[in-house]
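Hello,

Here is the structure I promised to pass on to you.

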Amino acid sequence: MTTTNLSPRPIQALPDHLISQIAAGEVVERPSAVVKELLENALDAGATNITVRLEEGGVKRIAIIDNGRGIPADQLPLAVQRHATSKITSLEELENVATLGFRGEALASISSVAILTLTTRTAEAPHAWQIESDKITPASGAQGTTVDVQDLYYNTPARRKFLKSEQTEFGHCAEVVRRIALARPDVSFSLSHNGKTVDHWNISAIDKRSATILGDGFANARLAIDESAGPLRLHGFIGLPTASKGRADAQYFYVNGRFVRDKLLTHAVRAAYQDVLHGDRYPSYVIALDLDPALVDVNVHPSKIEVRFRDSRAVHQFVFHAVNRALAQTSATAFGTVPAPATAGLGEPQSNNGRMPWIGGEQTSFSAQFASPAFAINDSNLNQSAYGGNSGGNSGGYDYSFMQQRAQGAGVAQSAESYGAFFGGKTTQTGESNLPNDDHPLGFALAQLHGIYVLAQNSKGLVLVDMHAAHERILYEQLKNALDENAMPVQALLIPMTFHADGIEVATAEENQDILKSLGFDIAAISPTTLAVRAVPALLKNADAQSLARDVLREVREFGGSRVLIDRRNELLGTLACHTAVRANRSLTIVEMNALLRQMEQTERADQCNHGRPTWVQMGLNDLDRMFMRGQ
């Protein structure tokens with residue numbers, strides 16, 4: 001490698017044109033950045049109709065036409081100057097930015113690397129005015145503003161060489177238009193390329209706009225979300241796991257109407273999908289977070305695509321819990337109010353002293369398999385002590401003695417009469433179950449197929465259930481709920497585990513003692529470069545304490561909380577649920593199958609097992625008619 005020794009030069013002020021071109025390097029990365037800045041200006045001007053015309057991917061020409069308020073003629077010279085804007089006038093307004101564009105750099109930066117013509121007219125003006133190369137002349141035009149940008153990077157050919165193909169650059173521009181169109185369904189947008197209309201979206205509701213842009217795959221598999229907590233509101237649509245994709249290209253998150261790519265928000269949503277997403281799939285969503293502008297700093301990056309929250313932990317937890325609750329309302333559980341199962345001879349279910357519904361007393365239909373030695377839990381990571389308790393004293397607040405309980409009956413663990421409440425007191429071992437109704441969205445069982453699938457009939461048609469996957473989700477949710485209802489059991493280490501830590505890890509441990517203790521950790525600094533782990537959650541006592549502590553500290557530092565504990569805990573509970581769920585090729589009676597369907601209707605996230613696989617599918621009568629060509 002060679003180096004060049006420059007001769008000493010005196011310090012001098014850079015010429016204005018060079019300053020503008022340096023600023024343009026930050027703002028105008030490619031044609032799509034120009035489209036973004038000009039669209040934001042149009043929306044800030046109150047436009048309700050915007051047209052975007054591109055040529056050669058935006059390199060040859062970008063024209064943005066809006067019907068906004070326009071710019072008075074006497075303000076046109078300032079409009080194209082650097083750091084000139086009508087949107088902020090003080091530091092207080094900068095800290096409470098409510099507009100999309102506010103830096104006052106866009107038009108000046110664009111004009112320094114392209115030929116810019118701006119034509120505008122206000123409602124009061126008798127005609128339009130045009131500015132080009134600092135020359136202002138009268139022009140014709142309707143109310144609003146037209147910004148015409150031609151020959152991008154004509155005067156900086158080196159920058160132009162870094163641009164991609166015409167189709168690639170157009171794809172980036174089209175994506176910018178889609179992002180903004182999703183955020184503003186109250187505005188109509190039209191996009192054309194090389195004289196051909198590519199997209200057009202009329203003013204509509206957000207559900208129709210998102211369905212049009214993201215397609216039927218998302219429109220037919222999404223959940224509405226609208227939750228508020230104090231100054232925070234999260235609303236929009238999140239895709240069901242069936243709408244997941246192999247790439248993260250259908251994820252749109254907005255903060256106060258501004259599209260952002262924020263690591264904290266992405267992590268919160270991804271964590272909420274953890275239990276229902278299979279493998280390396282990515283969820284689809286269009287969600288908006290509204291909050292007081294004073295609580296978020298949008299002046300972090302020139303492109304304004306990154307933000308910083310004043311209380312990042314509160315925002316992370318709010319987004320996570322809001323999305324998590326929405327996902328819990330699955331196709332079955334969201335279907336009205338599902339009657340709770342009644343215990344035989346009683347008017348309402350027993351509480352079982354806070355234990356799981358199938359612990360102690362008379363067992364439900366799927367307790368019989370626990371009696372089999374094949375389902376005994378012998379793994380040291382999953383034994384009773386790992387949960388902080390034992391079969392005698394139950395010191396950790398949990399009673400897992402149900403693992404060793406024996407069913408008294410053969411085949412059906414509970415008498416058929418006990419299920420009378422499910423079927424209006426009319427229980428049968430044949431296929432003559434009650435007619436399906438909307439109170440039971442999964443219907444009633446008809447038969448079992450190859451010992452794997454349950455066939456049921458509901459008001460819509462045929463329901464197919466994977467009995468192992470469905471029962472696995474039921475057990476998994478019951479295990480999680482039982483653990484969450486009790487305080488986190490802690491296992492003190494006989495000999496504290498010490499490890500070398502950097503300054504950031506030590507500071508994180510010292511500043512977040514309350515959070516760490518709530519997660520079941522006791523991590524103390526014993527020197528400026530050493531941390532000692534003195535206690536860990538009892539559930540994870542056999543894990544590597546050092547790596548676990550490092551992971552928890554990293555997550556607490558980055559997101560204000562830790563998903564490491566929950567993820568590892570759920571991994572163990574998922575293994576337990578998988579091993580104890582009803583196995584394939586086990587013959588079930590009609591009563592047992594119906595009991596499984598009723599439990600699914602009462603279980604959160606019942607549409608997928610904890611590995612992300614679907615637990616049931618619906619085949620409508622119209623689908624069946626088409627298969628057999630009825631009525632054709």
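Helix α17 (residues 590-601) lies across β16, β17, β18 and β22, running at about 115° to β16. Helices here are DSSP runs of H or I with at least four residues, strands are DSSP runs of E with at least two, and both are numbered from the N terminus. Angles run from 0 to 180 degrees between N-to-C directions, with axes as lines fitted to C-alpha atoms, for helices over the stretch in contact. Contact means heavy atoms within 4.5 Å.

Before going further, please keep in mind that this is a predicted model, in which local features need pLDDT of at least 70 and side-chain atom pairs count only at pLDDT 80 or more, while totals for chains, interfaces and linings use all residues. Residues are numbered from 1 along each chain as its sequence is written, and side-chain values use heavy atoms, with hydrogens and water left out.

Now to the sheet under discussion. The strand order is β16-β17-β18-β22, an open sheet of 4 strands with antiparallel pairing; two strands pair if DSSP finds at least two bridges between them. Because β16 (444-449) and β22 (616-620) each have a single partner strand, they stand at the edges, and one side of each is left without a neighbour in the sheet. From one strand to the next, the twist averages 25°. β16 pairs with strand β17 (residues 453-458) in the antiparallel sense over 5 bridges, and Phe444 has Gln457 in β17 as its bridge partner. Helix α12 (residues 467-484) also packs on this sheet, where it touches β16, β17 and β18 (461-466). The direction of α12 makes about 70° with that of β18.

There is another open sheet to look at, with 5 strands in the order β9-β10-β13-β11-β12 and mixed pairing. Its edge strands are β9 (222-229) and β12 (258-259), each pairing on one side only. Strand β11 (residues 251-255) and β12 are joined in the antiparallel sense over 2 bridges, and Val255 stands opposite Arg258 in β12. Helix α11 (residues 312-328) lies across β9, β10 (232-239), β11 and β13 (285-290), and runs at about 40° to β10.

β21 is mostly covered, as 7 of its 8 residues are buried (buried means under 20% relative accessible area, exposed over 50% and partly exposed in between, with a 1.4 Å probe and protein chains only).

On to a pair of helices. The axes of helix α2 (residues 31-44) and helix α7 (residues 166-183) come within 8 Å and cross at roughly 25°. α2 and α7 are therefore roughly parallel to each other (angles under 35 degrees count as roughly parallel, over 145 as roughly antiparallel, 65 to 115 as roughly perpendicular and the rest as oblique). Pro31, Ser32, Val35, Lys36, Leu39 and Leu43 in α2 meet Glu169, His172, Cys173, Val176, Val177 and Ile180 in α7. By class, this contact of α2 with α7 has 8 nonpolar, 2 polar and 2 charged residues (Ala, Val, Leu, Ile, Met, Phe, Trp, Tyr, Cys and Pro count as nonpolar, Asp, Glu, Lys and Arg as charged, and the others, Gly among them, as polar).

Helix α7 also holds Arg179. Is Arg179 buried or exposed? Arg179 is buried, at a relative accessible area of 15%. Leaving aside neighbours within four places in sequence, Arg179 is in contact with Tyr252, Tyr254, Phe259, Arg261 and Ile305.

Tyr153 lies in the loop between β6 (144-150) and α6 (157-160) and counts as buried at 1% relative accessibility. Met629 is found in the segment after α18 (621-627) and is exposed, with a relative accessible area of 56%.

Happy browsing!
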